[in-house]
Amino acid sequence: MTIEDAGPELRTEALEALLVKKGLVRSAAVDALVERYEQDIGPLRGARVVAQAWTDPAFRARLLEDGMPAIRELGFGDNTDAHVARLVVKENTESVHNLIVCTLCSCYPWAVLGLPPAWYKSPAYRARAVREPRRLLAELGLELPPEVEVRVWDSSAEVRYMVLPRRPQGADDLGVEQLTALVTRDSMIGVERL
Ligand code: FE
């Protein structure tokens, strides 16, 4: 395989290795940047989007209709990912639970969730999310009642998915800021319920 055949992720890794080797970049600096996207920028944006959807029915409707224009209303969607891929938001309900995966590689809604966690990219997650999602979720601590239908959404370069989790019970009096703090990254991937 040549570098041209590799996916963006492998190309990026190869590029990073080369830059580090030539002494142009310190690996730790790259790691810190990645961590920032993984922990801070990403999931917080998604959480803010979710809190807005919970408190603003018109926004929620626009978000479910077409994700990217809606997140731009909140000032997000400014990274490159947002220009190439559609964002489709899948809403969890009493009877339907959604789970996102990329079976081919590691496509992920960067614009709202930042970088994917390492396990999202693992072959085990990618295969089992499709083959036995219910068992996989149970192992991750999410036991779904049999009457809840599990829907699995396979991401691609063109379409990215995000889960709109259900609003937790007893959170009726909270404002957008407090609600944002309740939303976890994993709930927007669909491996956790709030
Ligand atoms: Fe992918």
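Does W153 count as buried, partly exposed or exposed, and at what relative accessibility? In this predicted model, W153 has a relative accessibility of 22% and therefore counts as partly exposed, since the limit for buried is under 20%. K90 lies over the face of the W153 ring, 3.8 Å from the ring centre.

The search for aromatic pairs over the whole structure gives five. In one of them, the ring centres of W153 and Y161 are 5.4 Å apart and the planes meet at 35°, so this pair is tilted. Y161 has a relative accessible area of 12% and so is buried. Another tilted pair is formed by Y120 and Y125, with 5.6 Å from centre to centre and 35° between the planes. Y120 and Y125 are both buried. Ring pairs also connect Y120 and Y125 with Y108 and W119 in a cluster.

The wider fold can be set out next. The chain has 10 helices and four strands, in the order α-α-α-α-α-β-β-α-α-α-β-β-α-α from the N terminus. Of its 194 residues, 39% are buried. Among contacts between residues at least 6 apart in sequence, 68% join residues at least 24 apart.

The metal site remains. Which atoms coordinate the iron ion? The donors are SG of C102, SG of C105, and both N and SG of C107, at 2.1 to 2.5 Å. Along the sequence, these donor residues follow the spacing C-x2-C-x1-C. The angles among the four donor atoms run from 81 to 133°, and the site is irregular. For comparison, the ideal angle for four tetrahedral donors is 109.5 degrees.

Are C102 and C107 buried or exposed? C102 has 1% relative accessibility and therefore counts as buried. C107, at 12% relative accessibility, also counts as buried.

Note on methods. Residues are numbered from 1 along each chain as its sequence is written. This is a predicted model: local features need pLDDT of at least 70, side-chain atom pairs count only at pLDDT 80 or more; totals for chains, interfaces and linings use all residues. Side-chain values use heavy atoms; hydrogens and water are left out. Donors are N, O and S atoms within 2.8 Å of the metal (3.2 Å for Na, K and Ca); water is not among the atoms, so sites may look incomplete. Four donors count as tetrahedral if all angles lie between 85 and 135 degrees; four count as square planar and six as octahedral if opposite donors are over 155 degrees apart and all others between 65 and 115; anything else is irregular. Buried means under 20% relative accessible area, exposed over 50%, partly exposed in between (1.4 Å probe, protein chains only). Helices (H or I, at least four residues) and strands (E, at least two) are DSSP runs, numbered from the N terminus. Contact means heavy atoms within 4.5 Å. Rings of Phe, Tyr and Trp (its six-membered ring) pair if their centres lie within 6.5 Å; planes under 30 degrees apart count as stacked, over 60 as edge-to-face and the rest as tilted. A charge sits over a ring if NZ of Lys or CZ of Arg is within 6 Å of the ring centre and within 35 degrees of the ring normal.
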